[in-house]
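Here is a short briefing on one protein model. Look over the sequence and structure first, then read on.

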Amino acid sequence: MTDSSYQNWLQTSPLPRNEARLLLQKVTGLSHAQIIAQGEERLPEYFQAALNALQQRRMSCEPMAYILGEKEFYGRVFAVSPAVLIPRPETEHLLEAALSRLPEKHAARVWDLGCGSGIVAISLKLERPELEVWASDISAAALEVAQNNAENLGAQIEWAQGDWFACDRLPEKHSCDVLVSNPPYIEQHDHHLVQGDLRFEPQGALTDFGDGLGALRSIIAGAAQFLREHGSLWLEHGFDQGAAVRELLQAAGFREVETLRDYAGLERVSGGFRPR
């Protein structure tokens, strides 16, 4: 292995400059400013070996979030692994829908169903520390990631494991002010599942292995029994599923049903208030 400086490795890496820099920061523990200041210094061989291994993973199209082991969401850095979905900006709309509809009272309770890495549940707790926040997931590996994130970020969460409303522990009936979920909603034959980052993400968190509405149907069907009288349900869904989700909500008796659009103007989050 030939000698190389920090700057030389950055210049010769086939990766985009920003990605190469992030890998260099991860391996060396140096900040961007430190890398610039030490740019002409020799890069130790053990760093070169580690960098080249990570670089090869990225050249094989593995998502940067999994290589780095973290991803920012709503201004905070969350640990991620292949056991959970990579946080995406679109999910901020789900978080904001919940925040804007929570009552201003100390006893408010919210439940994040299918919490994955915990980005929504933990963000809710950190934005509104007085909340009682529940989070559940069917995956033990995902819950471990979420629990570690909560501990690292200082968020107290009530955890449960199970499939939607069939968990090992549950909040009391009619006790939640808001239910939120970003469930698997991609149709099983959607070509996006074999493209880009989605190839590396847990398929069970992306698709219901059906028409993409199965999990949404289950959540909508069972939500009312856990919502308070003026409680509401908010769901992230595909850009082309808004009409279908609104129909499901209305058929289940939810009131004031609406759909929120994402930063690209696409329908992304739908919800409504508990049936009377």
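The buried residues of helix H6 are Thr91, Glu92, His93, Leu94, Leu95, Ala97, Ala98 and Leu99. Buried means under 20% relative accessible area, exposed over 50%, and partly exposed in between, with a 1.4 Å probe and protein chains only. The model is predicted: local features need pLDDT of at least 70, side-chain atom pairs count only at pLDDT 80 or more, and totals for chains, interfaces and linings use all residues. Residues are numbered from 1 along each chain as its sequence is written, and side-chain values use heavy atoms, with hydrogens and water left out.

**Helix H6**
- H6 spans residues 91-101, and eight of its 11 residues are buried.
- Its cover includes strand S1 (70-73), helix H7 (119-127), S7, S8, strand S9 (255-261) and S10. Contact means heavy atoms within 4.5 Å.
- Helices (H or I, at least four residues) and strands (E, at least two) are DSSP runs, numbered from the N terminus.

**The sheet**
- Eight strands form an open sheet with mixed pairing, in the order S6-S5-S4-S3-S7-S8-S10-S9.
- Strand S6 (166-167) and S9 are the edge strands, each pairing on one side only.
- Two strands pair if DSSP finds at least two bridges between them.
- Strands of a sheet pair through backbone hydrogen bonds, either parallel or antiparallel.

**Strand S8**
- Seven of the 10 residues of S8 (residues 227-236) are buried, so the strand is largely enclosed by the rest of the structure.
- S8 runs parallel to strand S7 (residues 176-181), joined by five bridges.
- S8 pairs with strand S10 (residues 267-273) in the antiparallel sense, also over five bridges.
- Leucine 233 in S8 is the bridge partner of leucine 179. Leucine 233 also stands opposite glycine 272 in S10.
- Glutamate 236 has valine 269 in S10 as its bridge partner.

**Helices on the sheet**
- H7 lies across strand S3 (109-113), strand S4 (132-137) and S7, at about 175° to S4.
- Helix H10 (residues 214-223) packs on the sheet, touching S7 and S8, and its direction makes about 175° with that of S8.
- Axes are lines fitted to C-alpha atoms, for helices over the stretch in contact, and angles run from 0 to 180 degrees between N-to-C directions.

**Serine 5**
- Serine 5 is found in the segment before helix H1 (6-12).
- Serine 5 counts as buried because its relative accessibility is 12%.
- Leaving out residues up to four places away in sequence, serine 5 touches Gly39, Glu40, Glu41, Arg42 and Leu43.
- The C-alpha atoms of serine 5 and glutamine 48 are separated by 9.6 Å, and the two residues are 43 apart along the chain.
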